[in-house]
Amino acid sequence: MKIGFIGAGKVGFTLGKYFTEQNIVVSGFYNRHPEVASEAAEFTGTRYYDTMENLIRDSEVIFITVPDNAIAEVWEQLKQLQVKDKIICHCSGALSSAVFSDITNYECYGYSIHPLFAVNSKTESYKELSKALFTIEGDELHRDALADLIRSCGNKVVFLNPENKIKYHCAAVFASNLINGVMETAITELVQCGFTSEEALSALAPLTINNVAHLSEGTLEEALTGPIERGDTSTVLKHLNNISDDTRDIYILLSKKVLQIAKRKNPDRDYGKMEELLNG
């Protein structure tokens, strides 16, 4: 499969470079800003295209790597071109292939292909993409072939149903973006203890990284430590009495989730008093 990219942002750069590093043929890039497409082509050792039409002519698979709110607009442009038998993909975590409206009328095939991975650098993220799981949703006809393409790079693949895309994306936000919110909360508490923000982040990062490393090697139950798991209601009560109302709400909600894990880890332990404390 020869892959062409429409859009040359961080995701386009990353996937284009990753695929070429895995010896997958990439035809090149088209972007509404020619200099950006040229930069992506140079970075990936592929070709810059000055029109969508020429890119489509040379590609079997089209990856639309533009912001979510621009995918439908690009599809409207593609409809005017020779897309028969082409495989059209976007990389949104939240949108399904339904964004390609009336695609069967154009005799081509639509998919959402999403790496469960935070792409934060257009020139560096490809180096870590081998760790990512990819999800694929879309027409059954070429779904297995696309999965085999991704698996040939060493990545795991999971198929999604279109109705689950939003829930899937929400889960990814909890595990990625919202972690920043949890860290902001922890940093605020340390700043109140006399740390600078920089000192707080530097102190907390190893703790977080170590816990995530344990999660990647085992289970939630095996990684869990702390006062909730121990059933230490005295310490938890002290925490609740020494934080602001907003932080207290966060603490209680997350602690209830942790308590579920603790109960699975220690089925013979009585967590009745902890449950009562957290439920107010």
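This is a predicted model: local features need pLDDT of at least 70, side-chain atom pairs count only at pLDDT 80 or more; totals for chains, interfaces and linings use all residues.
## Overall make-up

The protein has 280 residues, of which 40% count as buried. Its secondary structure consists of 13 helices and 8 strands. Taken along the principal axes, the C-alpha atoms fill a box of roughly 70 × 40 × 30 Å.

Contacts along the chain were also examined by sequence separation. Among those between residues at least 6 apart in sequence, 58% join residues at least 24 apart.

In soluble globular proteins, nonpolar side chains tend to be buried together. In this model the largest nonpolar core contains 31 residues, and F19 and F63 have the most contacts inside it.

The surroundings of F63 can be listed in detail. Leaving aside residues up to four places away in sequence, F63 touches I3, G4, F5, I6, L15, F19, C89, C91 and I113.

## Cysteines

A search of the whole structure finds 0 disulfides. C91 takes part in none, since the nearest cysteine sulfur, that of C89, lies 7.4 Å away, whereas a disulfide requires two cysteine sulfur atoms within 2.5 Å. C91 counts as buried because its relative accessibility is 13%, and C91 is among the residues touched by F63.

For C108, the closest cysteine sulfur is also in C89; the separation is 11 Å, which is too far for a bond.

## Packing of helices α7 and α8

Two packed helices are described by the angle between their axes and the distance between the axes. Helix α7 spans residues 177-191 and helix α8 spans residues 197-217; they pack at an angle of about 125°, with axes 9 Å apart. The two helices are therefore oblique to each other, and their crossing is right-handed.

On the α7 side, the contact is made by M183, A186, I187, L190 and V191. The α8 side contributes S197, A200, L201, L204, A205 and T208.

## The loop residue D50

D50 lies in the loop between strand β3 (47-48) and helix α3 (52-57). The relative accessible area of D50 is 52%, so this residue is exposed, the cut-off being over 50%. D50 and N31 are 19 residues apart along the chain, and their C-alpha atoms are separated by 7.9 Å.

Note on methods:
Residues are numbered from 1 along each chain as its sequence is written. Side-chain values use heavy atoms; hydrogens and water are left out. Buried means under 20% relative accessible area, exposed over 50%, partly exposed in between (1.4 Å probe, protein chains only). A nonpolar core is a set of buried Ala, Val, Leu, Ile, Met, Phe, Trp, Tyr and Cys residues joined through side-chain atoms within 4.5 Å. Contact means heavy atoms within 4.5 Å. Axes are lines fitted to C-alpha atoms, for helices over the stretch in contact, and angles run from 0 to 180 degrees between N-to-C directions. Helices (H or I, at least four residues) and strands (E, at least two) are DSSP runs, numbered from the N terminus. Angles under 35 degrees count as roughly parallel, over 145 as roughly antiparallel, 65 to 115 as roughly perpendicular and the rest as oblique. A crossing is left-handed if the near helix is turned anticlockwise from the far one by less than a right angle, and right-handed if clockwise.
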